[in-house]
Amino acid sequence: MVDEALARSFEGIGADYDRYRPGFPSSAADAIVPHRVSAALDLGAGTGKFTEHLTGRADRIIAVEPSAAMIDVLRDKLPGVEALEGSAELIPVEDASVDVVSVAQAFHWFDRVRACAEIARVLRSEGTLGLLWNRSDPACGWDHSASRVVHPAVGEADETTSTAEELPGFRFDRFESFRWVERIKRGDYLARWSTVSAYLIADSSTKAAMTAAIERILDADAETSGLDTFDLPHLTDVFLYTRA
Ligand SMILES: C[S@@+](CC[C@H](N)C(=O)[O-])C[C@H]1O[C@@H](n2cnc3c(N)ncnc32)[C@H](O)[C@@H]1O
């Protein structure tokens, strides 16, 4: 069951999300769109952090996103993309019109059954659905600890294993994971956590406590203590499905 308050937490941010959130490695886009296609749709596109990787990989690129604040940033950044307000449960795109649907960091917000029916409707036969998520590298102790501050309910198993779910109307093909490293400023790392849904919906004292706890983690760890800039490893998990 999707938590509506969390799912709608992105309605108010756009520029901050775009500025502070990590992007994606192009190897993840290579896995989802290995050859140029005629049309690709990025669903729950946000400010276009994955959409931009579709450039040069499809003749027609469509982005669908419910938050006006997010899609306005995407329109400014990627004027060649058809940017449409809409949702995964009601995709404003014609039947059998796209070869690839990508969903970056957003599939968990969708009503799965309705979204899968809509994605299957807009995909051409044998089209690809690529779901991807960035996650903390469990080998990076300080980032793992910061993640537990903001997402205390996430269990160890959720963070270290990647299991493909069965999706109605789709055949699971394969899983790939890509490790990459981002050089990040301490201030930007702290600001990034303020764009996460669990932080966005928290009250001001909980927000202050989260930020203070992450500051203490950075001050205590030898890899980050006293540094203005440090290396942050990421894992990008990609789940590939074919329209059955
Ligand atoms: C964490 S952001 C990811 C944005 C972008 N794909 C990225 O990777 O930067 C999640 C996005 O999903 C969108 N979203 C939430 N519920 C949705 C729904 N039912 N259908 C489509 N998008 C939805 C949010 O508005 C938000 O832009």
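Predicted model: local features only at pLDDT ≥ 70, side-chain atom pairs only at ≥ 80, totals over all residues.
Helices (H or I, at least four residues) and strands (E, at least two) are DSSP runs, numbered from the N terminus.

Residue numbers start from 1 along each chain as its sequence is written.

Which residues of H10 are buried? They are Met 210, Ile 214 and Leu 218. Here, buried means 20 or more other C-beta atoms within 10 Å of a residue's own, exposed means 12 or fewer, and partly exposed is in between, with C-beta atoms placed from the backbone. Down the axis of H10, the buried residues fall within an arc of 70°, so they line one face of the helix; the arc is that of the directions from the helix axis to the C-beta atoms. An α-helix has 3.6 residues a turn, so residues three or four places apart point the same way. The other side of H10 carries the exposed residues Ser 204, Ser 205, Ala 208, Ala 212, Arg 216, Asp 219 and Ala 220. Among the elements covering the buried residues of H10 are H6, helix H8 (186-193) and helix H9 (197-200).

In H4, the buried residues include Met 70, Ile 71, Val 73 and Leu 74. Seen down the axis of H4, its buried residues fall within an arc of 155°, so they too line one face of their helix. Their cover includes helix H2 (15-20), E2 and strand E3 (82-85).

**The cores**

A nonpolar core is a set of buried Ala, Val, Leu, Ile, Met, Phe, Trp, Tyr and Cys residues joined through C-beta atoms within 7 Å. The largest one has 54 residues, of which Ala 40, Leu 41, Leu 43, Leu 74, Val 98 and Val 101 touch the most other members. Elements that each supply at least two residues of this core include helix H3 (26-32), strand E1 (37-43), helix H4 (68-77) and strand E7 (229-243). Apart from it lies another core, of six residues, including Trp 142, Met 210, Ile 214 and Leu 218.

**Asp 143**

Asp 143 sits in helix H6 (residues 141-150). With 24 other C-beta atoms within 10 Å, Asp 143 is buried. Leaving aside residues up to four places away in sequence, Asp 143 touches Ser 136, Asp 137 and Leu 232; such contacts have C-beta atoms, placed from the backbone, within 7 Å.

**Positive phi angles**

Most residues other than glycine have a negative phi, and most peptide bonds are trans. Two residues that are not glycine have a positive phi here:

| Residue | Phi |
|---|---|
| Gln 105 | about 60° |
| Glu 126 | about 65° |

Gln 105 is in the loop between E4 and H5, and counts as partly exposed because it has 19 C-beta neighbours inside 10 Å. Glu 126 belongs to strand E5. With 10 other C-beta atoms within 10 Å, Glu 126 is exposed.

**Around the ligand**

Of the 21 residues around the ligand, those that come nearest are Gly 44, Gly 46, Lys 49, Ala 104 and Ala 106; a residue is near if its C-beta atom, placed from the backbone, lies within 6 Å of the molecule.

Conventions
Contact = placed C-beta atoms within 7 Å.
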